[in-house]
Amino acid sequence: MKSIKKSVFYIIFLSSTLNCFSFTFENLLKMVVESNPEINSALITYKTNVLSSKNLDGAYVPNVSVSAPTKLAKEYNWNTLPNYFSSNITFFQPLPGGATISLETSYTFNTSDSEKVKFISQNPQISFNLSQSLLPFWIQGKIQDPLRLSLKQQEKYFYYQYLFTKKKVLQDFLQNYIYMLISKNEISMYKNSIELYEEQIKSLTELKLLGNTTLNKIIEIENSKWNVQQSLMTSQTNYEGYIQNLKILCRQNFENSFIDSCNTENLKDTVLEFYDIEDDPLEETYKIKLEILQAERILERQNSAPTINFSIQPNWTLETTKQDEWKKAWENMGSPSSWNISIGINLSPLFLGLAKENKKKYELNYEDTKNSYNSYMLQKKSLKQQYTTLLNYYLLQKNTISSLYEAGLKELDDYKYQYAVNTISKLDLYSVNTRIENCRLTKENIELFVLLYEILLIIN
């Protein structure tokens with residue numbers, strides 16, 4: 001019984017919460033920003049790239065490897081040395097500019113028996129190695145490491161991608177929301193007209209019974225009513241479609257009234273606060289993409305260039321000693337007996353033909369991105385012109401419908417007076433009242449279109 005009470009209480013609480021939450025248009029926008037998977041996915045991608053940028057994607061992380069193989073006899077006594085032992089330690093450190101340094105150390109010993117005396121031979125080795133690209137970024141006239149620069153640019157790129165996704169989803173929500181309100185007003189207008197036709201048919205039917213009208217007039221109004229009913233069905237379908245789109249964008253399956261009855265006061269300011277974007281995100285992504293390609297090209301030339309390699313290795317000779325006197329060999333080691341020094345150049349990249357191929361790929365990618373950027377800018381300019389034309393059109397319509405509505409209100413007052421003094425019928429007054437109410441709804445729809453295109457001009 002307690003669980004049932006808890007369930008009922010939870011349902012009531014959730015319902016009241018949704019009612020409160022959907023009370024304002026601002027709350028609906030919050031739901032979109034917090035719940036929409038496209039926005040959340042873009043935000044996660046951006047945060048992931050921030051982490052990659054901070055650790056340079058692990059490109060300069062040192063590498064250390066250790067190994068220690070040995071060889072044990074079948075009947076090995078763990079209190080004695082094995083016959084053979086070797087240890088190797090390798091340290092590898094990549095550096096900016098296509099350079100790497102490495103340090104390799106090894107130590108081996110072998111034991112042997114001679115006249116029941118065990119001897120040990122030891123061999124320590126160490127070598128230092130340096131590899132450097134012949135075309136580091138500073139030789140190419142750049143100051144900043146292209147890898148670091150590329151990762152920072154990618155971080156910015158995905159940030160603007162996130163802003164673009166947020167903008168696209170919010171704009172989609174805004175358009176569906178305003179079209180939903182327009183469809184809702186259209187439904188009210190068509191219902192008003194249908195009710196008026198029904199009253200006219202009822203009145204004409206009564207007159208026909210008295211022989212004061214013909215059937216043709218009734219059929220004509222029936223046809224007009226049927227046409228309006230078809231338009232009503234279209235508007236109702238559109239309304240349900242917009243509502244469904246809004247639910248998908250909000251990721252909430254609440255009642256229609258939660259959406260279409262919320263307070264839309266200061267809708268324009270609310271939308272612009274949620275956008276809070278000074279630059280066009282998509283335009284910025286194109287610009288950054290071009291910069292990323294340039295940085296990657298510098299890095300590619302650096303990493304595919306011939307390399308110069310330098311290594312130095314001191315050599316020591318340790319005398320063979322008795323097993324229990326192995327330390328003496330180290331005490332008498334002294335300075336290296338010789339040095340191995342080598343310098344070499346790896347020219348393999350010159351013969352692989354990759355440099356020419358990579359350059360061609362870069363030029364094609366850069367040209368493609370640049371063309372996409374230019375195409376978008378032309379499209380953006382054309383879209384602004386289209387929005388401006390539509391805005392001016394609806395502003396003109398707004399002035400016209402406002403004048404008609406003001407004149408209609410005066411006409412309605414006059415009709416109310418005539419009805420009060422019994423000079424017109426109730427149907428006449430009802431007809432004028434319906435026409436004025438539909439004029440008001442039309443005016444409201446035109447104002448919604450003006451609001452929509454004003455916002456679209458600002459955010460695009």
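In this predicted model, K225 is buried, at 14% relative accessibility. K225 forms a salt bridge with E198, with 3.4 Å between the closest N and O atoms. The two residues belong to distant parts of the chain, E198 to helix α4 and K225 to helix α5, 27 residues apart. E198 is partly exposed, its relative accessible area being 37%.

The structure has 15 salt bridges. One of them joins K268 and E454, whose closest N and O atoms are 3.6 Å apart. Because K268 lies in helix α7 (residues 267-275) and E454 in helix α12, this pair ties together parts 186 residues apart in sequence. K268 is partly exposed, at 27%, and E454 is partly exposed, at 27%. Within helix α12, R440 and E444 form a salt bridge at 3.3 Å; they are 4 residues apart, or about one helical turn. A network of salt bridges links K167, D280, E283, E284, K287 and K380.

Across the whole structure, 18 aromatic pairs were found. Among them is the tilted pair of Y179 and Y242, with 5.7 Å between centres and 35° between planes. Y179 lies in helix α4 (residues 146-209) and Y242 in helix α5 (residues 215-250), so the pair connects parts 63 residues apart in sequence. Y179 is partly exposed, at 24% relative accessibility, and Y242 is partly exposed, at 22%.

The mean pLDDT of the protein chain is 85, with 88% of residues at 70 or more. Confidence is highest in helix α12 (residues 426-459), at a mean of 93, and lowest in helix α1 (residues 2-21), at 42. Over residues 1-22, pLDDT stays under 50. Where pLDDT is low, predicted coordinates should not be read in detail.

Notes
Residues numbered from 1 in each chain as written. Predicted model: local features only at pLDDT ≥ 70, side-chain atom pairs only at ≥ 80, totals over all residues. Heavy atoms only, no water. Phe/Tyr/Trp six-rings, centres within 6.5 Å; stacked < 30°, edge-to-face > 60°. Buried < 20%, exposed > 50% of the residue type's maximum accessible area, 1.4 Å probe, protein only. pLDDT = per-residue confidence, 0-100. Contact = heavy atoms within 4.5 Å. Salt bridge = Lys/Arg side-chain N within 4 Å of Asp/Glu carboxyl O.
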